[in-house]
Amino acid sequence: MRNKLIAAFACTTALVSTGAASAADLGARYTKAPAYVEPLFNWTGFYVGGHIGGAWTNEQFINNGTGAAFGDLLPGEGYRQRKSGIMGGAQIGYNWQANNFVFGMEGTISGLDNKGTVVNTAFAPANDVFSWRANVLATVVGRAGFAVQNNLFYIKGGYAGVNNRLSVTDPVVTATGGQTHWANGWTVGAGWEYGVTRNWIVGLEYNYAAFGSQTYQLGGLAGNYTFDAKPRDIQWAVVRASYKFDAPVIARY
C-alpha cells in the first residue's frame, strides 16, 4: 500500500510540472502585441496652394517741395486715405518638423483691389483729383510654429513688396500725370493650419506690412509735381488651402 501511495504522488507531481511548463511555453509564444497608435501628422515637406480674403491699405502721399507749386498743398502737406478690397493669390513653401516644432520658408504672390480717389477742391469744385492703387503684393517669409497633432499654430516674418501707383488729374486745364513704383517693406503675421488629410491642409492667417516711401513725378502743364508716396501699411486676412507633398510618416507606440 505504501509503495502505491508513493507512486501516485510521483505521478501527480510529474503531471503538475508538465502542465506548468506547457503554460510557460504558451506564455512565451503568445505575448500580447503592443497597442497600435495612429501615426502623428507630419508637417515636413513642400506644399503649394492658394488663398483668398480681404486687404486694407492705408495710403499716404505728401508734397515734398522739390517740384512745381501744386495748388494749396505746401511742402510737407498731402493726404492719407484708407481703403479695403478683395485679395487672392498663391503660396509655395517648405516645412521641417522637429518633435512638435515646425520651421519653414514661404513665398506668396497676391492680387489686390485696393484703390482710392482724393479730390482737392481748394480752387475749384474739382481742381485736383488724386488717384492711387495697390494691386500686387509679394512676400518672402520665415515661419516658426508649434504642432499639436493635426493643428499647427505659427508666426511669420520677413520681406514684403507692393506695386503702388499714384496719379493726378486737373479737369480745369485737362492736365494729367502718374507714376508706378515697387515699394519695399517688411511683414509679420500669425496663423493656424489644420491637416485635413496627410496631404490637404486648410488654415486662417492675418498679416501686417509696412513700406518705405518712393518719389513720384506727376507731370502736368505747370511742370513736375513731386510727391513722396507709400502704403503706410497693408493688413490682410485670408483663408488658405494647400497641398503638401508626401514625406516619411512619423509613428509612435
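Reader: Why is Asp233 called buried?

Author: Welcome! This is a predicted model, and the label rests on a computed area. Asp233 has a relative accessible area of 10%. Buried means under 20%, so Asp233 counts as buried.

Reader: And what makes Arg82 partly exposed?

Author: Arg82 has a relative accessible area of 43%. Partly exposed covers the range between buried, under 20%, and exposed, over 50%, so Arg82 at 43% is partly exposed.

Reader: How do you know that the side chains of Arg82 and Asp233 meet in a salt bridge?

Author: Their N to O distance is 3.7 Å. The cut-off for a salt bridge is 4 Å, so the pair of Arg82 and Asp233, at 3.7 Å, qualifies. Arg82 lies in strand 2 and Asp233 in strand 9, so this pair ties together parts that are 151 residues apart in sequence.

Reader: How many salt bridges does a search of the whole structure find?

Author: The search finds 9 salt bridges. One of them joins Arg143 and Glu106, whose closest N and O atoms are 3.8 Å apart.

Reader: Are Arg143 and Glu106 buried or exposed?

Author: Take each value against the cut-off of under 20%. Arg143 has 5% relative accessibility, so Arg143 counts as buried. Glu106 has 2%, so Glu106 counts as buried too.

Reader: What makes the contact of Glu205 and Arg240 a salt bridge?

Author: The N to O distance between their side chains is 3.4 Å, and the limit is 4 Å. Glu205 is buried at 7% relative accessibility, and Arg240 is buried with a relative accessible area of 5%.

Reader: Which residues do salt bridges that share partners join into one network?

Author: The network is made of Glu106, Arg143, Lys156, Glu193, Glu205 and Arg240.

Reader: What is the side chain of Ser242 joined to by a polar contact?

Author: The partner is the side chain of Gln91, at 3.0 Å. The cut-off for a polar contact is 3.5 Å, and the value for Ser242 and Gln91 is 3.0 Å. Ser242 lies in strand 9 (residues 223–244). With 2% relative accessibility, Ser242 counts as buried. Leaving aside its neighbours within four places in sequence, Ser242 has contacts that include Tyr47, Val48, Asn199 and Trp200.

Reader: Why is Gly195 called buried?

Author: Gly195 has a relative accessible area of 0%, and buried means under 20%. You will find Gly195 in strand 6 (residues 175–195). Beyond its neighbours within four places in sequence, Gly195 is in contact with Phe41, Trp43, Asn150, Trp200 and Ile201. Gly195 and Phe41 are 154 residues apart in sequence, while their C-alpha atoms are 7.4 Å apart in space.

Reader: How do you know that strand 1 and strand 2 pair?

Author: Two strands pair if there are at least two bridges between them. Strand 1 (residues 45–63) and strand 2 (residues 78–98) have 18, in the antiparallel sense. Within this pairing, Ile52 has Gly88 of strand 2 as its bridge partner. Strand 2 is also joined to strand 3 (residues 101–120) by 12 bridges, again antiparallel, and there Gly88 stands opposite Gly111. Strand 2 and strand 3 form a hairpin with 2 residues between them, and Asn99 in the turn has a positive phi of about 55°.

Reader: What pattern does the protein chain follow along the sequence?

Author: The pattern is α-β-β-β-β-β-β-β-β-β, from 1 helix and 9 strands. Of the 253 residues, 36% count as buried.

Reader: Which elements have the lowest and the highest mean pLDDT?

Author: Helix 1 (residues 2–29) has the lowest, 48, and strand 7 (residues 200–211) the highest, 98. Over residues 8–16 the pLDDT stays under 50, and the model has 0 contacts there beyond four places in sequence. The protein chain averages a pLDDT of 83, with 74% of the residues scoring at least 70.

Conventions:
Residues are numbered from 1 along each chain as its sequence is written. This is a predicted model: local features need pLDDT of at least 70, side-chain atom pairs count only at pLDDT 80 or more; totals for chains, interfaces and linings use all residues. Side-chain values use heavy atoms; hydrogens and water are left out. pLDDT is the predictor's confidence in each residue, from 0 to 100. Helices (H or I, at least four residues) and strands (E, at least two) are DSSP runs, numbered from the N terminus. Contact means heavy atoms within 4.5 Å. Buried means under 20% relative accessible area, exposed over 50%, partly exposed in between (1.4 Å probe, protein chains only). A polar contact is a pair of N or O atoms within 3.5 Å; within protein, one must be able to donate a hydrogen and the other to accept it, and residues adjacent in sequence count only if both atoms are side-chain atoms.
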